[in-house]
Structure formats: C-alpha cells, structure tokens
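Visitor: I've got a chain to look over and a few things to ask. Could you walk me through it?

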Amino acid sequence: MNDYEAILKAYELAGGDPSSLQFPQVGSLVVEENKILSFNEVEGLVMEPERTQRGVKAKIVVKESCKIKNPVHLCFGVIPEKGTQEIIMEIILEDNSYVKLLAHCTFPNAVRVKHTMQAEIKIGKGAHLSYEEAHYHGPSGGIEVIPRAKVSISSGGRLTNSFSLIKGRVGILDLDYDVQVEREGIAELIAKIYGRGEDRIKIVEKVSLNGENARSLIKSRIVVIDRAQSKVIGETYGNAPGARGHVDCMEIVEGKAKAQAIPKVSVAHSQAKVTHEAAIGRIDKRQLETLMARGLEESEAVDTVIKGILR
C-alpha cells in the first residue's frame, strides 16, 4: 500500500469520505507527515502548501465575495507508529466570502507521535468560516496533539468552529484558541471529546468581544472514564456595548477519572453581558438501568449514554 492509499484509509477512520477527494470541483489538501500527497484548488480558493522539514506550511485564501459551494477537505495524518508532524496554517477569508473547511486529522497506528498546529485565521468583513475538525488517534493513546489558533473576526464576520475527538484514545491533548471579535461579529466554539485510560485533556478557549454587539458561544462536552483527566477553561471578555457571550461546559466522569471546569467571564462595559454555566457529574443511573433492563451489559449501556451526550 502506498502513502496515498494508506492516508485515505486513515482518513475514513477519522470520519472523512475518501471519494470526496477525487472530484475536481472539490477543494482539498492531503498531507502525510511532511509529504504533500495531493491538493486541489477551485474557483475563488487559493491554496499554497509548502513542505517543511517536519511538516507543512500552508496558506489558504478565499477571495473577496466568493462563496465556495462545496466543503473543502483537509486531511493531515501520520501513518507510522512513530513520527512528528508540524502544521503551520494561515487562513484568510476576504470580505463577504464563505467557505466550509472539513479537517480530518488521523493517526491510526500512533505509539509515539506528536502533532502540532499553529494557525492564524483572519475573517474579513461579512465573511463566514465554518471549520469542522475531527480526529482519530488509534487505540494505544501514544500521541500528543497540540493545536494553537489565533483568530480575528472583522465587522459582521462569523466563525463556526467544532473540534471532535470521540473515536479511539485521546492520548495527550493541549488545545489553546484565542479569538478576537469586532463589531457585529460572531464566534461559536464547540468541543466534544471522549477520554479513556490514561488520557490527558486540556482545553483553553478565550474569546474577546471587542466590538459593539459582538457575540460568542463557547460550548464543551467532555467525557472522561477510567483514569483519564480533563481540564476545561472557557474565557469570555465583554469589552463593548451590546456584547453578549456565554460559556457552557458539561463534563461527565466515570471510574477514577478527574475533571475540572473553569469558566472565566469578565465585563469591561456597562452595556455588555457575559454568562456561564458549568456542570460536572456522573451518568444518570436511571438511564443506565433502563438500557440494562433492555438487555445491554453495563459497559454497553455506559457507552450508549456517552455517545448520546457527545452526539
């Protein structure tokens, strides 16, 4: 099996559709370690991938007023058991543009793998970026993933971001996003993660509402079982009149797992409003009993409830 065939199989494990990478009308970029296996541009989309010693540097630009019809597929992965991948990403949406990026990061055989991402994202006036990122890390938990992103949203712009890691082991996840929102801008950050074994999860998401009537939502759903640990920090700063923000964190703990939820809200203008809610608890016993009464084993019932929460 060559590198491209291997990454396509891994891409499917992460929830991607390999056939989508074959159509000329669909933008895509496929990277395995530091090898650019393929990329495809479409009208209004400019992609400039460049191989580096330890990964890839890529610039993605959506031209002014262009609405990219089909989702653009990004696939990053490491197929061997050991390796390093460093992704340096610059994403620019010019004014009044739109694109949906589907990013699948896959490390199916990871025993000692490190994946880092440094992203700078600029969303122009009236532009909308939908960024959906799904991970698959394999069964061993031998991976360290460190994503970093700095995002600026101009007047009337919008970011819809989701991060999902619910298949396989997490390993070590250390995620840190910093979002700046200007007038009438919107930022939505959603994270869904399922930690098992000795997994370690840390999420820091910070949104600064700097412009009039800027809005944000930080929402996380984290499940940790066995001896996994999680720490979720959601920060929102209301710095302008009419700014509205909300932090919503729910964590489920089973076995000897440990979880922390730390919402931080701050208001620097009398006409801004920021709220938060955080909850940490166990799975409802009545739900488990109902499922077990219908013939499921306890472990199957727990898994069913968890999947429902993460869905």
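Predicted model: local features only at pLDDT ≥ 70, side-chain atom pairs only at ≥ 80, totals over all residues.

Visitor: Among contacts between residues at least 6 apart in sequence, what share joins residues at least 24 apart?

Guide: Start from the contacts in the chain whose partners sit at least 6 apart in sequence. Of those, the part joining residues at least 24 apart is 78%.

Visitor: How many helices and strands does the chain have?

Guide: Going by its secondary structure, the chain has 3 helices and 19 strands.
The radius of gyration is 20 Å, close to the 19 Å from the globule rule for 311 residues, so the chain is as compact as a globular protein of that length. Back to your count, then: 3 helices and 19 strands.

Visitor: What percentage of the residues is buried?

Guide: The cut-off to keep in mind is that buried means under 20% relative accessible area. Out of the 311 residues in the chain, the buried ones make up 50%.

Visitor: And how much of the accessible surface belongs to carbon and sulfur atoms?

Guide: The total for the chain is about 14,100 Å². The part belonging to carbon and sulfur atoms is 47%.

Visitor: On to α3: what span is expected for this helix?

Guide: Helix α3 covers residues 298-310, which makes 13 residues. From first C-alpha to last it reaches 18 Å. That is close to the expected value at 1.5 Å a residue, 18 Å.

Visitor: Why do the buried residues of α3 line one face?

Guide: The buried residues in α3 are A301, V302, V305, I306 and L310. Looking down the axis of α3, they fall within a limited arc, so they line one face of the helix; that arc is 165°. In general, an α-helix has 3.6 residues a turn, so residues three or four places apart point the same way.

Visitor: Which elements do those buried residues pack against?

Guide: There are strands and a helix on the list. The buried residues of α3 pack against β11 (158-167), β13 (186-195), β15 (215-224) and α2 (285-293).

Visitor: Where does N96 sit, given its positive phi?

Guide: N96 is not a glycine, yet its phi is about 60°. N96 is partly exposed, with a relative accessible area of 36%. Its place is the loop between β6 (82-93) and β7 (98-106).

Visitor: What is the relative accessible area of E184?

Guide: E184 lies in the loop between β12 (172-181) and β13. Its phi is positive too, near 65°, in a residue other than glycine. E184 is partly exposed, and its relative accessible area is 35%.

Methods: Residues numbered from 1 in each chain as written. Heavy atoms only, no water. Helix = DSSP H or I, 4+ residues; strand = E, 2+ residues; numbered from the N terminus. Expected span 1.5 Å × (residues − 1). Buried < 20%, exposed > 50% of the residue type's maximum accessible area, 1.4 Å probe, protein only. Arc of directions from axis to C-beta. Contact = heavy atoms within 4.5 Å. Rg over C-alpha atoms; globule rule 2.2 N^0.38 Å. Areas by Shrake-Rupley, 256 points an atom, 1.4 Å probe, with all protein chains shown as cover.
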